[in-house]
Structures are given as C-alpha cells and as structure tokens.
Amino acid sequence: MKIYELNDHDDISHMMSNVPKAVAAIGFFDGVHLGHQALIKRAVDYAKEHDVESAVVTFYPHPSVVLNPDNKDIQYITPTQEKEKLIEQMGIDRLYIISFTRSLARLSPEEFINRFMIGLNIKHLIAGFDFSFGYKGAANMKNIHQYVHDRFTYETVGKIELADEKVSSTRIRSLLAKGDVEAVETLLNRPFVTTGTVIHGFQRGGSELGYPTANIELDSEALLPKTGVYGVKIRYDEAIYYGMASLGFNPTFKDNPFDLKFEVHIFDFNGDLYGKTLDVEWKTYIRDEYKFDNVETLMAQLEKDEQTVRSYFNLNK
C-alpha cells in the first residue's frame with residue numbers, strides 16, 4: 001500500500017498528474033470499526049469489479065482538534081500507524097492522509113471536490129450516510145449531486161448496527177470509558193490493542209510484590225480504557241502470552257499521583273523485555289484500582305486477580 005501525506009495547499013493536480021484512476025472510501029475512520037470496514041471492503045470489491053485501484057482518503061488530526069481550541073489533547077482509538085496497518089490489511093492500494101487545517105475547513109464543497117476528488121483521479125466515491133464536507137459541512141451524501149457534475153460516480157453505505165445501536169467511534173469511546181473491552185472487541189471485530197515499548201519502572205513488582213511487571217511507555221495519542229486491572233493477551237516476538245495488566249496511578253505507593261502507568265505481568269515468563277515492543281490485547285475488565293492499607297493486602301489481592309484471569313483464559317497454574 002502506498003501512503004501519501006497531503007496538505008490542502010499542495011498542488012495536488014500537478015503532484016498526482018500520473019496517478020491511476022481509483023475508487024475511494026472517505027472518512028476519518030478512527031477505530032476502523034465494523035462500520036468503517038464495510039466502507040473499505042466495498043471500495044476493495046468495487047476496485048476488483050471495475051479493474052481500478054482502491055484508495056482510502058482520511059484526515060489528521062481530528063477536525064475537533066482544529067475547530068475547537070479547547071480540545072487539543074484528543075486520543076485516538078487507532079493512532080495513525082495502527083490505522084495505516086489495519087487499512088493495508090484490508091487490501092487497499094493507496095492511502096491518502098490529508099492534513100486537516102482551518103484553511104481546509106473553509107474550503108467550499110466545490111473546492112474540496114476539485115482539489116481532492118478530481119485532483120486524485122477518483123472515479124467512484126464511497127462514503128458513510130453521515131459523511132459531510134465543505135465549509136460548515138454544507139455538502140453531504142444527499143446533496144453531493146449538486147457539486148459532482150457527472151465527473152465521478154458515488155454511493156452511500158448505510159448505518160451499520162449491532163444490538164439495535166449504530167456502530168460508531170463515539171459508542172466505542174463510551175464503552176472504553178466503562179472498561180467494557182469485550183463489547184469494544186465486538187464492535188471492532190478484533191481485540192482492542194495497545195502497542196508500546198517496555199521501559200524501566202520502579203521495579204517493585206518483582207522484589208516487593210512477587211509480580212514482576214513490564215512497564216509500557218504510552219503513546220500520548222492512544223486512547224485507553226478506564227483505569228483498573230484487566231486480563232490481557234500479549235503478543236511479542238511472534239509468540240502469545242497471557243497475563244494481567246494494571247492501568248492507573250499506583251495509589252498504594254507514594255509515586256507521582258498524576259503519572260499514569262501501564263504495567264503488565266506476564267504469566268510464566270522470565271525473559272528480559274526492556275526496550276522491546278509489546279502488543280497488548282485488552283480482553284476482560286477485572287476490577288477498579290484500589291488504594292490498599294499495606295503491601296500485604298495488595299499482594300493478597302494480586303493473587304486473587306491472577307486466579308480470576310487464569311480462570312478466564314482457562315490456564316492452569
């Protein structure tokens with residue numbers, strides 16, 4: 001898959017003068033959930049049927065970051081690199097990531113189409129029923145005919161529902177805020193994953209508690225579930241492990257109370273992971289984060305947590 005990063009002020013027609021014609025799915029695609037997958041799959045299928053290339057047109061950062069000055073610290077269900085990987089896995093030929101700016105937000109529908117649809121040689125456009133574009137969202141899939149002038153065809157993918165409710169990034173964010181990672185996995189049609197590098201922590205897990213942990217550096221743009229203890233599946237070096245993860249502020253100890261920590265205890269693993277990258281799949285929520293009166297009480301709870309997680313995964317100790 002070829003990836004192109006574009007700005008609204010680029011001379012796209014000149015830059016892409018030799019780009020082959022394509023069918024494109026367009027949207028922000030945060031999460032690449034079941035609804036997004038329906039759009040992307042339709043683009044791949046259409047491309048095969050009509051012998052053209054398939055493309056995805058998306059944006060970065062989220063429009064709310066640009067249009068709302070108070071919303072600078074948004075986290076993404078799928079940060080850019082993960083989004084790219086997921087879209088490539090679906091068989092897309094080219095990915096266009098357009099920088100969302102205030103000047104782009106001020107483009108008229110005609111300017112938007114001329115610059116990005118015509119400039120990228122898009123011959124068929126696929127969008128969700130709620131997609132809008134142009135200044136203040138003036139254009140949408142109901143009135144797009146006013147701006148196309150027969151220069152390309154288009155189609156709308158309807159609402160995708162699960163349990164009588166729309167599958168959406170907003171719904172997934174709400175579920176993550178509750179810690180319901182199992183429901184999130186259903187809406188994504190894959191596990192919710194956090195990828196990070198193992199860094200040095202306080203090293204009390206093994207020495208004080210008997211539960212050595214891999215302290216994982218967090219991506220500031222990656223959305224996380226609510227704080228607490230979870231059962232997780234860990235992918236590292238083409239192998240799969242199981243364990244329990246703690247996301248929180250370590251209230252039992254006098255650490256920095258504002259420093260969010262992500263620690264994973266991998267069952268039956270003794271290797272050195274410093275500097276290694278782990279993919280952690282959030283599988284089930286176990287409990288809230290508590291402040292314990294002493295280390296002994298915490299250790300007893302960790303033993304209970306381990307048994308809970310091992311039972312969930314049907315693992316024998």
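A cavity, on a 1 Å grid over the protein atoms alone, is a set of points where a 1.4 Å probe fits but cannot get out. Its volume is the space filled by probe spheres set on the points, with grid points joined across faces, edges and corners. The model is predicted: local features need pLDDT of at least 70, side-chain atom pairs count only at pLDDT 80 or more, and totals for chains, interfaces and linings use all residues. Residues are numbered from 1 along each chain as its sequence is written, and side-chain values use heavy atoms, with hydrogens and water left out.

**View 1. The second largest cavity.**
The second largest cavity has a volume of about 60 Å³. By this rule there are three cavities of 30 Å³ or more. Lining residues have an atom within 4 Å of a point. Here they are F28, T58, F59, Y60, Y76, T78, P79, T80, K83 and I97. Helices (H or I, at least four residues) and strands (E, at least two) are DSSP runs, numbered from the N terminus. Strand β3 (53-60) and helix α4 each supply at least two residues of the lining. The largest share, three residues, comes from β3. By class, the lining has six nonpolar, three polar and one charged residues. Ala, Val, Leu, Ile, Met, Phe, Trp, Tyr, Cys and Pro count as nonpolar, Asp, Glu, Lys and Arg as charged, and the others, Gly among them, as polar.

**View 2. The largest pocket.**
A pocket is an open set of grid points with protein on both sides within 12 Å along at least five of seven lines. The largest pocket holds about 1100 Å³ of space. Its lining counts 42 residues; G27, F28, H62, D130 and F131 lie nearest the centre. Two or more lining residues come from each of α2 (34-50), α3 (63-67), α5 (102-105), β6 (132-133) and α8 (169-178). The lining divides into 20 nonpolar, 14 polar and eight charged residues.

**View 3. The closed barrel.**
Six strands form a closed barrel in the order β11-β12-β15-β14-β13-β16, with antiparallel pairing. Neighbouring strands of this sheet are turned by 45° against each other on average, direction ignored. Two strands pair if DSSP finds at least two bridges between them. Strands of a sheet pair through backbone hydrogen bonds, either parallel or antiparallel. Strands β11 and β16 pair in the antiparallel sense over six bridges. Within that pair, G196 stands opposite L278 in β16. Strand β11 also pairs antiparallel with β12 (residues 214-216), over two bridges. There, I199 has N215 of β12 as its bridge partner.

Antiparallel strands β14 (residues 239-248) and β15 (residues 261-266) are joined by six bridges. G248 has K261 in β15 as its bridge partner. Helix α11 (residues 295-312) packs on the sheet and touches β13, β14 and β16. Its direction makes about 100° with that of β16. Helix α9 (residues 181-188) lies across β11 (192-199), β13 (228-236) and β16 (277-287). Helix α9 runs at about 125° to β16. Axes are lines fitted to C-alpha atoms, for helices over the stretch in contact, and angles run from 0 to 180 degrees between N-to-C directions. Contact means heavy atoms within 4.5 Å.

G91 sits in the loop between α4 (80-89) and β4 (94-99). Its relative accessible area is 39%, so G91 is partly exposed. Buried means under 20% relative accessible area, exposed over 50%, and partly exposed in between (1.4 Å probe, protein chains only). Leaving aside its neighbours within four places in sequence, G91 is in contact with V44 and S54. G91 and D45 are 46 residues apart in sequence, and 9.7 Å apart in space, C-alpha to C-alpha.

Most residues other than glycine have a negative phi, and most peptide bonds are trans. V32, not a glycine, has a positive phi of about 45°. V32 lies in the loop between β2 (22-26) and α2. V32 counts as buried because its relative accessibility is 1%. D51, also not a glycine, has a positive phi of about 55°. D51 is in the loop between α2 and β3. With a relative accessible area of 71%, D51 is exposed. A cis peptide bond joins Y60 and P61, with omega about -5°. P61 belongs to the loop between β3 and α3.
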